[in-house]
Amino acid sequence: KDQKAGVSKSDLTEAPGTLQLDLGGKLQFPYKEQCLQGEVPTRNTVIPHSFQDVFHYKSLLSRAVREHLNIILFTQARRYHQTMSRVDLSAIDSPHLHTGTSPPPHPSPHPQAAATPHCSHGPALLRVVKKAGPNQGRVFFTCSAGGQGHCKFFKWLDKGGQDNHGNQSTPLMKPSNGQELDTFLKANGINFYSSCQLVVRSSSGGPRSGRGRSHRFNPQGLQPRPQLYISLNRRGPSIEYSKDDLWVISKDHSFSAATTFLVKSMFFGPNSSNLLEIAPISGHLPSNWIGGGQVCCLHIGNASTELTCLANTEENVNIMSLPVLRHLITLHPEATQCSSVCGLFVPPQSSSQPWPCMERTTVLNLQQQVAGQYGLNIDQTTALGKCAEMFCSSHKGPPLLLIHGVFGSGKTHLLAVMVLF
């Protein structure tokens, strides 16, 4: 099957040390051992000029898109695990997060949990070092008073120091609550949400909490699929969220494969109650999440283009709905001869029509003259040159020329000049 899809078994191992991670397979968030070994993988799937059949086209295009998304997930996973290696979770990690159960109503404070420090003006505020340097990204406490009343209180949130050899050791972050952990990871470019709740609701149990979509009618009387929501512990600016955002949900901070699954957002951000409706993409087993529970979340980013491409390719690309597709994807660019049956375009010099046989130098000189006469830019002149080469006796290029550009780039003007040429 892999050989038919145009991929070899060597493509399944994209980089040494990735523990046989199949980037072209299902979307997945790599666990620590997978992403901390070897280099960041690169795309290996190649899109050819022509395809064997519709199945070859469909499978290869889908694999390329999944490979692209998995590399993004791999990069984010590696950044997360590398950053978490500098964090001591002993003060906030609890068994309730691993099991997914709700914590007791009045949990006893952890004996190692440190309270928020105070200065003479009250509880201190968390701040992040943004200036470039060795301390960039570190979190510290400072005085909450503003203006002239601001005192000189300062305290690092993490623990730095020197090792046994007198060298400066990597600061060890020991947050006392989820907010401090979120702030630290946010400062390192990771949109992490701790102490969230996964909410499972029946689709027939009352109105939806999302935006702009009503309850679906089920004429066949089938058991409706439950709706999933994330109750976020905070809400960022609206610009941070969009439809079809990728999120990673897990019961533990290690994001192990057994307790982690990928979802996409169904609407443009959480509602006023911080509820975000989600839809599973991969790794979700309903039996493991019957009652929801406490989870932690990673906001990867928007993947609307990739997910739409995957959905359209997997659902709509078939011979019945696109009967012309198999003729288009089996076109060989190097073919310059064709029969009347296939009806492909033939360059002027390759056809039987009495086109003038001109030398390349004469054609290129005429091209420069026309380009200057009608004010073509460099890209338009290059495109005109490709068209002009079709009249050369030595032309052996592809039979088609594709010209694309943004709105207002001069495609219509170039087409008119080609006709005059």
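Modeller: Ring pairs link Phe29, Tyr80, Phe192 and Phe255 into a cluster. Rings of Phe, Tyr and Trp (its six-membered ring) pair if their centres lie within 6.5 Å; planes under 30 degrees apart are stacked, over 60 edge-to-face, and the rest tilted. This is a predicted model, where local features need pLDDT of at least 70, side-chain atom pairs count only at pLDDT 80 or more, and totals for chains, interfaces and linings use all residues. Residues are numbered from 1 along each chain as its sequence is written, and side-chain values use heavy atoms, with hydrogens and water left out.

Biologist: How many aromatic pairs are there by this rule?

Modeller: The ring-centre rule decides what pairs. Applied here, the count of aromatic pairs comes to 7.

Biologist: Are the planes of Tyr80 and Phe192 stacked or edge-to-face?

Modeller: The ring centres are 5.9 Å apart. The planes meet at 25°, so the pair is stacked.

Biologist: How many residues apart in sequence are the parts that Tyr80 and Phe192 tie together?

Modeller: Helices (H or I, at least four residues) and strands (E, at least two) are DSSP runs, numbered from the N terminus. Tyr80 lies in helix H2, and Phe192 in strand S8 (residues 191-201). The pair therefore ties together parts whose separation in sequence is 112 residues.

Biologist: Is the pair of Tyr193 and Trp247 stacked or tilted?

Modeller: Tyr193 is in strand S8 and Trp247 in strand S10, 54 residues apart. Their ring centres are 5.4 Å apart. The planes are at 50°, so the pair is tilted.

Biologist: Is Trp247 buried or exposed?

Modeller: Buried means under 20% relative accessible area, exposed over 50%, partly exposed in between (1.4 Å probe, protein chains only). Trp247 has a relative accessible area of 1%, so this residue is buried.

Biologist: Which residue lies over the face of Trp289?

Modeller: The criterion is NZ of Lys or CZ of Arg within 6 Å of the ring centre and within 35 degrees of the ring normal. At 4.6 Å from the ring centre of Trp289 lies Lys251.
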